[in-house]
Amino acid sequence: MKPFETTGFEGSQSSEYPPKENETLLHSIVNNIPGAIYRCTYQGNWKIAFISKGIEQISGYPVSHFLHHPITRFKILVHPEDQEIAQQTVEEALLSQQPYIVDYRIIKADGTMGWVREIGQGICDRQGNLCGLEGSRLKNLCHSIKNQDIIGVLFV
């Protein structure tokens with residue numbers, strides 16, 4: 001499989017559905033995930049090639065704020081106190097060619113703070129060169145962190 005190519009879609013022979021039905025099915029699946037799915041490409045600089053509508057609920061910004069722009073628009077959402085650990089976690093995972101999971105705070109469009117869990121991995125070409133990232137950002141982590149903190153304080 002070529003990088004950035006998905007088998008079973010775009011009219012490939014392996015698809016059991018016509019291309020338009022596949023596109024509709026994929027769109028439905030992606031938009032029903034409670035979070036944002038993204039893909040970034042690397043061609044000298046990082047750019048967001050795809051991001052699902054879930055980013056609007058998570059960040060308060062429309063998809064157009066991120067799509068086809070440098071990844072810095074994605075990164076500036078990360079709370080300043082969490083930027084270093086988030087970037088370090090991703091970089092270490094990419095160097096070791098492992099998936100990453102990182103929890104951090106974001107600053108939303110309205111100025112409020114929220115927690116997200118980002119899960120992703122690097123995408124490499126056939127020669128093993130890093131050419132992109134795929135991942136998801138999930139929201140509402142804040143409630144579970146607060147509950148864990150409270151349980152920890154009450155039962156320690």
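Where does His79 lie? Select His79 to find out. His79 sits in the loop between α3 (72-75) and α4 (83-95). Keep in mind that this is a predicted model.

**Stop 1: His79**

Is His79 buried or exposed? His79 has a relative accessible area of 14%. That is under the 20% cut-off, so His79 counts as buried. Leaving aside residues up to four places away in sequence, His79 touches Arg105, Ile106, Ile107 and Met113.

**Stop 2: the cysteines**

Next, look for disulfides. A disulfide is a covalent bond between the sulfur atoms of two cysteines. How many disulfides does a search of the whole structure find? The search finds zero. Select Cys124: this residue is in no disulfide, and its nearest cysteine sulfur belongs to Cys131, 6.4 Å away. Cys131 is in no disulfide either, and its nearest cysteine sulfur is that of Cys124. A disulfide needs the sulfur atoms within 2.5 Å, so the 6.4 Å between Cys124 and Cys131 rules one out here. Check the exposure of each. Cys124 is partly exposed, at 33% relative accessible area. Cys131 is buried, with 12% relative accessibility.

**Stop 3**

Zoom in on Leu25, which belongs to helix α1 (residues 19-31). Leu25 is partly exposed, with a relative accessible area of 41%. The tour ends here.

Definitions and conventions: Residues are numbered from 1 along each chain as its sequence is written. This is a predicted model: local features need pLDDT of at least 70, side-chain atom pairs count only at pLDDT 80 or more; totals for chains, interfaces and linings use all residues. Side-chain values use heavy atoms; hydrogens and water are left out. Helices (H or I, at least four residues) and strands (E, at least two) are DSSP runs, numbered from the N terminus. Buried means under 20% relative accessible area, exposed over 50%, partly exposed in between (1.4 Å probe, protein chains only). Contact means heavy atoms within 4.5 Å.
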